[in-house]
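I opened my notebook to look through this model, one topic at a time. Here is what I looked up, in the order I looked.

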Amino acid sequence: MILEFFNYLMRFVLLVFFQVVVVNNIDLSTYVNPYIYVAFILSLPYNTKPWLVLVLSFLLGMTMDTFSSLPGPHIAATVFMGYFRRFYIMFSTNKDDQETNIEPSISSKGPVGFLVYALVLVFMHHFVLFFLEAFTIQQFFSTITRIFFSTLFTVLLISIGQLLFYKVAKKK
């Protein structure tokens, strides 16, 4: 239990550090802004209590807003993603999987299952984040383009990270 807590704490710190120090300083394009810190919420086990997912989402978003000097779009987007995650898991998995301590990953869900899971949740996050940042409907198509390309690039980076730390799933 304590070991798991430190494992998740280290994951939280490393993802925020990598996002703030490396990814935020890479200037790819106006339309590509990857936010890989959402991998923390994506990788929480299925049986994580919904209130804990929301609290962790809030803390993660608040940390990112603090480092970005923004008044709250990361909090809103990350909490929205954490809230929607529960419904996606209820829809896409069976009751037995929801009660286990399995972390959603390429090894546990398979490449297609994980990509769909990550694409849906990252798209939800980026949709809220980029529309709150733009805060206007006049840039609708440029914001949608930015959401599309940023989602693809974020999921690509998260998948590469998953493959780097790939573990073979245990057979039941």
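**Salt bridges.** I began with the charged pairs and found that the structure holds two salt bridges, taking a salt bridge as a side-chain nitrogen of Lys or Arg within 4 Å of a carboxyl oxygen of Asp or Glu. I kept in mind that this is a predicted model, where local features need pLDDT of at least 70, side-chain atom pairs count only at pLDDT 80 or more, and totals for chains, interfaces and linings use all residues. I also noted that residues are numbered from 1 along each chain as its sequence is written, and that side-chain values use heavy atoms, with hydrogens and water left out.

How covered are the partners? Glutamate 103 is partly exposed at a relative accessible area of 25%, and arginine 11 counts as partly exposed at 22%. My scale was buried under 20% relative accessible area, exposed over 50%, and partly exposed in between, with a 1.4 Å probe and protein chains only.

The other bridge pairs arginine 146 with glutamate 133, the closest N and O atoms being 3.0 Å apart. Here helix α7 supplies arginine 146 and helix α6 supplies glutamate 133, 13 residues apart. Glutamate 133 counts as partly exposed, at 30% relative accessibility, whereas Arg146 is among the buried residues of α7.

**Helix α7.** Next I checked the length of this helix. Its 25 residues (140-164) should span 36 Å at 1.5 Å a residue, and the end C-alpha atoms are 36 Å apart, which agrees; the expected span is 1.5 Å times one less than the number of residues. Buried residues in α7 include Thr143, Ile147, Ile158 and Gln162. What covers them includes α2 and α6.

I then followed Gln162 across to α6. Isoleucine 106 and glutamine 162 are 56 residues apart in sequence, yet 6.6 Å apart in space from C-alpha to C-alpha. Isoleucine 106 belongs to helix α6 and counts as buried because its relative accessibility is 10%.

**Core.** Which residues have the most contacts inside the largest nonpolar core? They are Phe40, Ile41, Leu42, Leu60, Tyr117 and Ile158, in a core of 35 residues. I counted as a core a set of buried Ala, Val, Leu, Ile, Met, Phe, Trp, Tyr and Cys residues joined through side-chain atoms within 4.5 Å. The elements giving two or more residues to this core are α1, α2, α3 (50-68), α4 (73-92), α6 and α7. Its largest share, 10 residues, comes from α6.

Leucine 60 touches Phe12, Val16, Tyr37, Phe40, Ile41 and Thr78, leaving aside residues up to four places away in sequence; contact means heavy atoms within 4.5 Å.

**Histidine 125.** Is this residue buried or exposed? Histidine 125 counts as buried, at 0% relative accessibility. It is found in helix α6 (residues 106-134). With residues up to four places away in sequence not counted, histidine 125 touches Tyr35, Tyr37, Val38, Ala77, Thr78 and Met81.

Technical notes:
Helices (H or I, at least four residues) and strands (E, at least two) are DSSP runs, numbered from the N terminus.
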